[in-house]
Amino acid sequence: MPLRKPELVLFDLDGTLVDSSPDLAFSADTMLEKLGMPRHGEARIRNWIGNGIERLVKRALTGEMHAEPDAGLFKKAMPIFLEIYEQNACVLSRCYDGVKDSLNYLRENNYHTGCVTNKAERFTNILLQSLGIYGDFDIVISGDTLAKKKPDPMQLLHAAEHFNVSPDRSLMVGDSINDIEAARAAGFQVLCVTYGYNLGRDIRAENPDAVVDTLNELPSLLDAIEA
């Protein structure tokens, strides 16, 4: 089904707007070193990003996607990771191609915009402010802003209600199955980027409404939609 003209466009953060894997991998590997454990390296850790920091830490500790580490080790590891990441959240992280131009286009064409992420607010703000795009969003909803987060639809519905926009006139832009499930549950349309952090799986297999290889394609895609 072709996209309908949205009034509200929401973006995921990690893997959609920002390539944050270098700093997340550095923080995870440094945590492991402090615990006397071997590093994994960015290439491996990159495929573990996408389900929140707690799951990333568990994957780093176990070297597996779904395994649970020793509870005592995890309790010790989490504050170490958080301290390291807070100091290194935006050292090597960068916006993907097309992000700034797309946000400028949306602002100039009077779309409502938002960033909706499962990342905690303190890290969300560091990234958005350091990269100079915090002010490009009309609303920012982090993982600890509301009681629930993606794939639950609460964050998306909160944004739509905030702007008094119908969900079927809203678009979620993301990179993962979490974004698709949240959009479907909220009644949003969903566009996915082919890069990002979908645990190494091709996002096309999840059948989003549209797919782009870069956000440079977003303005022309929206221009082509009849109101």
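Student: Which elements do the buried residues of α8 pack against?

Tutor: Helices (H or I, at least four residues) and strands (E, at least two) are DSSP runs, numbered from the N terminus. Contact means heavy atoms within 4.5 Å. Here, the buried residues of α8 pack against α7 (154-163), β6 (170-174) and β7 (189-193). A word on the source: this is a predicted model, where local features need pLDDT of at least 70 and side-chain atom pairs count only at pLDDT 80 or more, while totals for chains, interfaces and linings use all residues. Residues are numbered from 1 along each chain as its sequence is written, and side-chain values use heavy atoms, with hydrogens and water left out.

Student: Which residues of α8 are buried?

Tutor: Buried is under 20% relative accessible area, exposed is over 50%, and partly exposed lies in between (1.4 Å probe, protein chains only). In α8 the buried set is I177, N178, D179, I180, A182, A183 and A186. That is seven of the ten residues of α8 (177-186), so the helix is largely enclosed by the rest of the structure.

Student: Where is E181, and why does it count as partly exposed?

Tutor: E181 sits in α8. Its relative accessibility is 39%, so E181 counts as partly exposed. E181 and S170 are eleven residues apart in sequence, yet 15 Å apart in space, C-alpha to C-alpha.

Student: What follows α8?

Tutor: G187 does, with a positive phi near 80 degrees.

Student: How many bridges join β6 to β7?

Tutor: Four, and these two strands run parallel. L171 stands opposite Q189 in β7. Five of the five residues of β7 are buried, so β7 is largely enclosed by the rest of the structure. Q189, L191 and V193 point one way from β7, V190 and C192 the other.

Student: How many disulfides does the structure hold?

Tutor: A disulfide is a covalent bond between the sulfur atoms of two cysteines. The cut-off is a sulfur pair within 2.5 Å. The structure holds zero. For C115, the nearest cysteine sulfur is that of C95, 10 Å away. The sulfur of C192 is 15 Å from the closest cysteine sulfur, in C115, too far for a bond. C115 has 0% relative accessibility, so C115 is buried. C192 is buried as well, with a relative accessible area of 0%.

Student: At what angle do α3 and α4 pack?

Tutor: Axes are lines fitted to C-alpha atoms, for helices over the stretch in contact; angles run from 0 to 180 degrees between N-to-C directions. α3 (residues 53-62) and α4 (residues 71-88) pack at about 115 degrees, with axes 10 Å apart. The contact is made by I53, E54, L56, V57, K58 and L61 of α3, with L73, F74, A77, M78, F81, L82 and Y85 of α4.

Notes. Two strands pair if DSSP finds at least two bridges between them.
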